[in-house]
Amino acid sequence: MDPSEVEFLAEKEVVKIIPNFSLDKIYLIGGDLGPFNPGMPVEVPVWLALNLKQRQKCRIVQPEWMDVDKLEEIRDLERKEETFTPVPSPYYMELTKLLLNHASDNIPKADEIRTLVKDIWDTRIAKLRLSADSFISQQEAHAKLDNLTLMEINTTRSFLLNSLNCMYKLRSNLQPGSSRGKSQDY
Amino acid sequence: MFITDIRKEFYDVVVNQRVALLVSLDIDALCACKILQALFHCDQVQYTLVPVTGWQDLGTAFLEHKEQVKLMIKQDDDLGVPSYDDIFRDEEEESGDSGNESDGDPEPSGKRRRYEEGAVERRIERQRAKREWEARRREILFDYEQYEYHGTSAAMMIFELAWVLTKDTKDMLWWAVIGLTDQWVHDKITHMKYVTDIATLQRHVSRHNHRNEDEENSLSIDCMRISFEYDLRLALYQHWSLYESICNSSYSSCHFKLWSMHGQKKLQEFLADMGLPLKQVKQKFNSMDMSIKENLREVIEESSNKYGMKDIRIQTFGVHFGFNNRFLASDVVHAAAALLENTEKDESPGDNFIKALDCLSRSNLERLHGGIALAKKKLMAIQQTVASCICTNLILSQGPFLYCYLLEGTPDVKLFSKPMALTLLCKYLLKAFVCSTRNKRCKLLPLIMAAPMDVEKGTVLVLGIPPESDTSDKKNFFGRAFEKAAESTSSRTLHDHFDTSIIELKMEDRTKFLDALITLLS
C-alpha cells in the first residue's frame with residue numbers, strides 16, 4: 001500500500017469546522033452533511049474541511065486529542081511502556097500532517113504539537129523495529145502486536161514481508177545442500 | 001468602463017463567466033494578477049491568463065479570444081485614471097459629454113417669431129453649440145492625453161475588492177504591498193502618494209496581525225507575518241553585503257558620487273565614522289556580527305544625516321515566514337523585475353512572465369533567490385554603466401533636454417534592451433548627472449535615453465523621463481512629443497508600450513527624430 005493511499009483513507013475521519021457560508025443539507029453517497037450556517041460548528045469529513053479551508057470558506061477546529069498537554073502525557077506513557085500504548089486516533093499521523101499543513105493558523109501551538117506527534121511516532125516506530133528484529137532473530141512463527149495504526153504497519157509491511165520471503169528461500173535451499181556439502185569435502 | 005462599486009459591478013458580473021485575464025508586463029500588474037487568481041480559485045472561476053507586452057499584443061489576444069469570452073479585463077498601471085479602463089474609454093467620455101450638451105441646448109424663444117425664421121435660428125444655434133462642444137472636447141482630450149502619470153496601484157485596488165468580499169488573506173496583502181513598492185522603486189508615483197498608500201496598507205497589516213496572535217496561542221513559525229519597517233533605502237542589503245549594497249543603490253551612490261575617487265574616499269570615511277570595520281561590511285549581511293547588526297539602522301541614519309543623506313530610511317513592509325526567510329518588499333520587487341526581463345537565456349516573454357509570477361508565491365523560494373541573484377547583477381550593471389557615462393561625458397545637452405545614447409559595444413547593453421531596466425538606468429543616470437554637474441540650467445532638464453534593442457532588426461529603444469526635482473508630480477509629457485516628432489519626420493517608430501514615453505525607433509531615423517524633438521520642445 002502506498003502512504004498516499006493510507007492518507008486517502010484517513011481523510012474520511014470527521015473533524016469540526018465553523019463555516020462562514022450557509023448551505024442546506026447535502027446528500028452524498030457516503031452520508032448526509034450539513035446544514036451549514038455561518039458561525040455554527042458542524043462535523044464534516046477531513047477532505048471537505050480541507051477543501052473549504054483552501055477556498056477560505058471555513059475555520060477548522062482542532063480535534064480534542066490535538067492538545068499539547070494530552071500529547072505530552074501520551075508521549076511519556078509511550079516512552080515508559082515496552083508495548084504499544086493506545087493511540088489518540090487511528091490516523092493520528094496523517095491528520096496531524098494534513099491539518100497542520102493547511103490550517104496551522106487555526107490551531108494554537110502548532111509547532112509544539114508537530115514536535116510531540118513526531119516524538120510519539122519515532123518511539124513507536126523504534127519499538128516496531130525492535131520487535132521485528134527480535135521476531136526474526138528468534139525465528140518465531142507468529143507475533144501479536146496491539147494498538148498499531150495502519151500507517152505504522154504500512155512502513156514495515158513491504159520490507160518485512162520481502163525479507164521474510166528471502167530468508168525462507170535461503171533456509172529452504174540450505175537444508176538439502178548441507179548434506180551434499182559434507183559429501184564433497186574431500 | 002468606469003465603475004463605482006467594485007463588488008457589484010465587476011466581481012459579481014465576472015464570477016459566473018469564463019474570464020480572459022490580459023496582464024501587462026510589470027510587477028504591479030503581476031501582483032494584481034496573483035490576487036485575482038487567488039480570488040478565482042476560491043470561487044472556482046475558469047480563466048485564461050495571457051501576458052501582453054503592448055497595445056498590438058492586446059489587440060491580437062483580444063481577437064484570438066473574442067470568440068469564446070464576452071467580457072474582458074485588462075490590468076496595467078495606469079495613465080491617471082482608475083485601473084478598470086477599457087480600450088473604449090474615449091467613447092465613454094464622448095457619450096457623457098454629448099449627453100450633457102444636448103440637454104443644455106438652449107431653446108430659442110421662438111414663440112414670437114415666424115415659424116421659418118425660428119427653425120433657421122434654431123439650426124444655427126445648434127450648429128454653434130455643436131462647434132463649441134467639439135472645441136471643448138478637443139481641449140479636454142488634449143489635456144487628458146498630454147501628460148501621462150500613474151494612479152493607484154492595481155494590486156491595491158484588487159486587494160480592496162478582496163477585502164470587501166472578506167476573502168483577503170495575508171498572502172494577498174503582501175502582494176498588494178509589493179505592487180505599491182513596485183510603483184515606488186520604479187519612481188512612478190510621488191512621495192506623498194506613496195506615504196498615503198502605505199498608511200492605508202498599514203491599517204490592513206495591523207488588522208491581520210491582531211487576528212490570531214496573543215500570549216497563549218502563539219502562531220506557528222511557518223505562518224506569514226508582515227511587519228511595518230522603517231528600513232534603509234539600500235537595495236537588497238539583507239541579501240548582499242552592506243558595502244555592495246551601498247555602492248549599488250542609486251540613493252547612496254549619487255550622494256557619495258561613487259564614480260569618482262573622491263567619492264570612494266568619502267564612503268570609506270562614512271564607514272569609519274560609523275565604526276564599522278571594512279572586513280565586516282564586505283561580507284554577507286547575515287554573517288555580520290550581531291553586535292553590529294543590532295543598531296545598524298539607527299547608526300546609519302545618524303551618520304547619513306551628517307553626509308547630507310536625509311532620507312536614508314523609508315517606510316516599507318517586510319515579511320517573515322519560516323526560520324530563515326525574511327524579505328523586504330523592495331527585495332521582492334527587484335527580484336521579480338529581474339526575472340521578468342531576464343535576458344540571459346533566450347526565453348520567450350511568456351516563460352519569463354510565468355517565472356516572475358512563480359517567484360511571488362511563498363512556496364517557490366529558490367525562484368525568488370534566483371531572482372535576487374539576477375537583480376544583483378542588474379544593479380551592478382546599472383552602476384557601472386552610470387559610472388562610465390558620467391566619467392566619459394556621454395550625456396549631451398541638446399537644448400531643451402539631455403540626451404544619452406548607449407553604444408552597442410557597451411558591456412551589459414543587452415540588459416538595457418528591456419523597458420523596465422532601461423527606465424531604472426535612466427532615472428539613476430539623471431540623478432547622478434544632477435549631482436555631478438555644475439551647470440545650474442542642466443539640472444532642470446529632462447533626459448532622453450536611447451539603447452539598442454534588437455541589433456538584427458536595427459531598432460533602438462527610446463525613453464524619456466521628466467526632470468529631476470523634489471516636488472515633481474511625475475507627469476510625463478514625452479508620449480505626445482514622441483508621436484508628434486515621429487509624424488513630422490515620418491520616422492519608422494512603434495508606439496506599442498502601455499507606457500507612452502517608451503518607443504521603438506529604427507536606428508537610421510535616430511538623428512532626424514532627435515532634431516524634430518529639439519525643434520518641438522524648444
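Buried denotes a residue with under 20% relative accessible area, exposed one with over 50%, and partly exposed one in between (1.4 Å probe, protein chains only). At 10% relative accessibility, Ser104(A) therefore counts as buried. This residue is found in the loop between α4 (92-102) and α5 of chain A, where helices (H or I, at least four residues) and strands (E, at least two) are DSSP runs numbered from the N terminus. Contact is taken as heavy atoms within 4.5 Å. Leaving aside residues up to four places away in sequence, Ser104(A) touches Leu99(A) and Ala110(A) as well as Ser220(B) and Cys223(B).

The model is predicted: local features need pLDDT of at least 70, side-chain atom pairs count only at pLDDT 80 or more, and totals for chains, interfaces and linings use all residues. Residues are numbered from 1 along each chain as its sequence is written, chains are lettered from A and ligands numbered from 1 in the order in which they are written, and side-chain values use heavy atoms, with hydrogens and water left out.

At the interface, eleven residues of chain A are in contact with 17 residues of chain B. The area buried between the two chains, that is, the accessible area (1.4 Å probe) that two parts lose on being put together, summed over both, is about 1000 Å², and carbon and sulfur atoms give 42% of this area. A salt bridge is defined as a side-chain nitrogen of Lys or Arg within 4 Å of a carboxyl oxygen of Asp or Glu. By this rule, one salt bridge is found across the interface of chain A and chain B. Its partners are Lys57(A) and Asp43(B), with the closest N and O atoms 3.8 Å apart. On the side of chain A that touches chain B, helix α5 (residues 110-137) of chain A contributes the largest share, three residues. The residues on that side comprise six charged (Asp, Glu, Lys and Arg), three polar and two nonpolar; nonpolar covers Ala, Val, Leu, Ile, Met, Phe, Trp, Tyr, Cys and Pro, and polar the others, Gly among them.

UniProt lists "domain: DNA replication complex GINS protein PSF2 N-terminal" at residues 2-61 of chain A. This span is 28% helix and 33% strand, with its end C-alpha atoms 28 Å apart. The feature "domain: GINS subunit" is placed by UniProt at residues 65-168 of chain A. Over residues 65-168 the chain is 68% helix and 0% strand, and the end C-alpha atoms lie 42 Å apart. Such annotations may be inferred rather than shown by experiment.

Over all chains, the structure holds 30 salt bridges. In chain A, Lys144(A) and Asp146(A) are paired at 3.2 Å, N to O; Lys144(A) is exposed at 68% relative accessibility, whereas Asp146(A) is partly exposed at 44%. In chain B, Asp273(B) bridges to Lys306(B), the closest N and O atoms being 3.1 Å apart. Asp273(B) lies in helix α11 (residues 261-274) and Lys306(B) in helix α14 (residues 296-306) of chain B, so the pair ties together parts that are 33 residues apart in sequence. Asp273(B) is partly exposed at 36% relative accessibility, and Lys306(B) is exposed at 58%. A further salt bridge joins Glu483(B) and Arg480(B) (3.3 Å, N to O). Both residues lie in helix α19 (residues 478-489) of chain B, three residues apart, about one turn of the helix. Salt bridges that share partners also join Arg75(A), Asp76(A), Arg79(A) and Asp119(A) into one network.
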